[in-house]
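Please walk through this protein model with me, one part at a time. Keep the sequence and the picture side by side as you read.

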Amino acid sequence: QVHASPSGTFVQACVLHYTLFGRMPRKTDAIRDNMSSLWREARRMQPNTHPRNPFPTRSEAEYLYRVVERVVKEGHLPSSLILFQNGEAAPDGSDDDNVSDRS
């Protein structure tokens with residue numbers, strides 16, 4: 001079985017919220033100092049036999065939020081995804097688009 005990490009779950013939740021409501025979740029609801037509080041009532045994040053993945057930090061959640069926002073609102077496609085869709089690999093395996101310097 002494949003289970004999303006807490007960071008992947010956060011991204012999925014932001015995309016799902018945008019899909020259902022046509023807007024991103026409010027930052028004050030989605031991004032918190034204690035990000036683990038978002039999972040407080042989750043039944044189970046990962047199988048008991050798997051090592052626990054860490055919850056995203058506030059700064060990681062802010063970064064992920066901006067990435068989702070760019071993709072769902074602006075239709076941005078990272079160059080690494082475009083290369084992947086064309087059957088090519090990004091030269092160094094990373095995305096050369098820097099989201100952190102954009103608001």
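Start with one residue and its surroundings. Setting aside neighbours within four places in sequence, Tyr18 is in contact with Arg23, Met24, Val72 and Lys73. Contact here means heavy atoms within 4.5 Å. Tyr18 sits in helix H1. Tyr18 counts as partly exposed, at 22% relative accessibility. The C-alpha atoms of Tyr18 and Glu69 are separated by 8.8 Å, although the two residues are 51 residues apart along the chain.

A word on where this comes from. The model is predicted: local features need pLDDT of at least 70, and side-chain atom pairs count only at pLDDT 80 or more, while totals for chains, interfaces and linings use all residues. Residues are numbered from 1 along each chain as its sequence is written, and side-chain values use heavy atoms, with hydrogens and water left out.

Now step back to the whole chain. Its secondary structure comes to 4 helices and 0 strands. Read from the N terminus, the elements run α-α-α-α. Helices (H or I, at least four residues) and strands (E, at least two) are DSSP runs, numbered from the N terminus. The chain has 103 residues, and 25% of them count as buried. Consider the contacts in the chain with a separation of 6 or more: residues 24 or more positions apart account for 60% of these.

Which residues make up the largest nonpolar core? There are 11: Phe10, Cys14, Met24, Ala30, Ile31, Met35, Trp39, Ala61, Leu64, Tyr65 and Val68. A nonpolar core is a set of buried Ala, Val, Leu, Ile, Met, Phe, Trp, Tyr and Cys residues joined through side-chain atoms within 4.5 Å. Helix H1 (6-21) and helix H3 (58-74) each supply at least two residues of this core. H3 gives the most, with 4 residues. There is a general pattern to keep in mind: in soluble globular proteins, nonpolar side chains tend to be buried together.

Phe10, leaving aside neighbours within four places in sequence, is in contact with Ala30, Ile31, Met35, Leu38, Trp39, Ala61, Leu64 and Tyr65. Ala30 lies in helix H2. Ala30 is buried, with a relative accessible area of 8%. Beyond neighbours within four places in sequence, Ala30 is in contact with Phe10, Pro25, Met35, Leu38 and Tyr65.

Next, see how two helices meet. The axes of H1 and H3 come within 10 Å and cross at roughly 35 degrees. Axes are lines fitted to C-alpha atoms, for helices over the stretch in contact, and angles run from 0 to 180 degrees between N-to-C directions. H1 passes H3 in a right-handed crossing. From H1, the contact is made by Ser7, Phe10, Val11, Cys14, Val15 and Tyr18; from H3, by Ala61, Leu64, Tyr65, Val68, Val72 and Lys73. These residues divide into 10 nonpolar, 1 polar and 1 charged.

How many salt bridges does the structure hold? The structure holds 4. A salt bridge is a side-chain nitrogen of Lys or Arg within 4 Å of a carboxyl oxygen of Asp or Glu. One of them joins Asp29 and Arg26, with the closest N and O atoms 2.7 Å apart. Asp29 is partly exposed, at 35% relative accessible area, and Arg26 is exposed, at 53%.

Another salt bridge pairs Arg58 with Asp33 (3.1 Å, N to O). This pair links distant parts of the chain: Arg58 is in helix H3, and Asp33 is in the loop between helix H2 (27-30) and H3, 25 residues apart. Arg58 is partly exposed, at 34%, whereas Asp33 is exposed, at 69%.

Glu69 forms a salt bridge with Lys73, and their closest N and O atoms are 3.6 Å apart. The two residues are 4 residues apart in helix H3, so about one helical turn separates them. Glu69 counts as buried, at 18% relative accessibility. Salt bridges that share partners also join Asp33, Arg58 and Glu62 into one network.

How values were computed. Buried < 20%, exposed > 50% of the residue type's maximum accessible area, 1.4 Å probe, protein only. Left-handed = near helix turned anticlockwise from the far one by under 90°. Nonpolar A, V, L, I, M, F, W, Y, C, P; charged D, E, K, R; others polar.
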